[in-house]
Amino acid sequence: MPSILQLSDAHLSPRNDLFRGNLARIHAMAMASPPDLVVASGDLSLDGADHDEDLALAAALHGAFPAPLLALPGNHDTGSHPHTMPRQPFDSARLDRFRAHCGPGRGLVDLPGWRVIGLNSEVMGTGQAEESAQADFIAEAAAGAGDRRIALFLHKPVFVTEFADPTFDYWSVPPQARAALLPVLEHPGLRLVASGHLHLHRQVMLGRVSYAWAPPLSFIVHPSEQPGLPGARVCGALLHHLHEDHVETVLLAPEGMETPDLDALRAQTYPRAAA
């Protein structure tokens, strides 16, 4: 039975030593029982969108896990849609920097009975050439899955409430970009859609598909910053066991995991802009 370790939102930087203890605790678990694949579902770095050294450290620490790594960009790694991140819009230069350290930023891995598809959610809706290239990749990956079951990974959740939710905000894939995902989302073999970004842990079943939000390895966000968003505010990782026709997802939150609040760390992470 293949297994996938999902790491998300580590927010690492050599400019501070934050969050490395949490990553080390999960690393120790992985060394004791190695998975078949590690997926880093975005925000590996604190500010790789503007700091090459952040991506270099994040790539090194994630690459130390005892399995092949599929690294997917988050908004803090490459920037994102200018509607949600006007100060760090996604562009080809930022993507190239990510790729130099972390790999292509999308990909597929075939495990026994399964196809794992990893996508770049930060290019979605931008109209850039990479978005079109990824749409072709999605269609080809779905069409070539055959009778395999599919596990889909990306940084931002496809939606927070429902697929048809028209809200265009910071928390999910832009509504106008979701149609490109339909070859995978409507594939009869889809069994898992796993994301990060929200700094919340939640798992719900929609039909035969498990939608899993991975907890962060770094910090939690105060509920006032996420009005109406469900989920548990814990730090940790997810281990996905791929059975013949379903996924069993286990929360990894070993003893000693720290759960700092972002508000207490803003000066070292993401200071608010002066009014």
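The model is predicted; local features need pLDDT of at least 70, side-chain atom pairs count only at pLDDT 80 or more, and totals for chains, interfaces and linings use all residues. Residues are numbered from 1 along each chain as its sequence is written, and side-chain values use heavy atoms, with hydrogens and water left out.

Start with empty space. Rolling a probe the size of a water molecule over the atoms shows where such space is left. Here a cavity is a set of points, on a 1 Å grid over the protein atoms alone, where a 1.4 Å probe fits but cannot get out. A search of the whole structure finds 1 cavity of 30 Å³ or more. The volume of the largest cavity is about 50 Å³, where volume means the space filled by probe spheres set on the points, joined across faces, edges and corners. Its lining consists of M124, E131, Q134, A135, I138, A177 and A180. Lining residues have an atom within 4 Å of a point. They divide into 5 nonpolar, 1 polar and 1 charged. Ala, Val, Leu, Ile, Met, Phe, Trp, Tyr, Cys and Pro count as nonpolar; Asp, Glu, Lys and Arg count as charged; the others, Gly among them, are polar.

Now the rings. Rings of Phe, Tyr and Trp (its six-membered ring) pair if their centres lie within 6.5 Å; planes under 30 degrees apart are stacked, over 60 edge-to-face, and the rest tilted. The count comes to 4 aromatic pairs. One of them joins Y170 and W171 edge-to-face, at 4.9 Å centre to centre and 85° between the planes. Y170 is partly exposed, at 29% relative accessibility. W171 is buried, at 16%. Buried means under 20% relative accessible area, exposed over 50%, and partly exposed in between (1.4 Å probe, protein chains only).

F219 and Y270 also pair edge-to-face, with 6.5 Å between centres and 65° between planes. This pair links distant parts of the chain, 51 residues apart. F219 is buried at 3%, and Y270 is buried at 16%. Ring pairs link F19, F219 and Y270 into a cluster.

Finally, turn to Q6. Q6 lies in strand 1 (residues 3-7); strands are DSSP runs (E, at least two residues), numbered from the N terminus. Q6 is buried, with a relative accessible area of 0%. The Q6 side chain makes a polar contact with the side chain of H240 (2.8 Å). A polar contact is a pair of N or O atoms within 3.5 Å; within protein, one must be able to donate a hydrogen and the other to accept it, and residues adjacent in sequence count only if both atoms are side-chain atoms.

Technical notes. 1 Å grid on protein atoms, 1.4 Å probe; cavity = no way out; pocket = protein on both sides within 12 Å on 5 of 7 lines; lining within 4 Å. Helix = DSSP H or I, 4+ residues; strand = E, 2+ residues; numbered from the N terminus.
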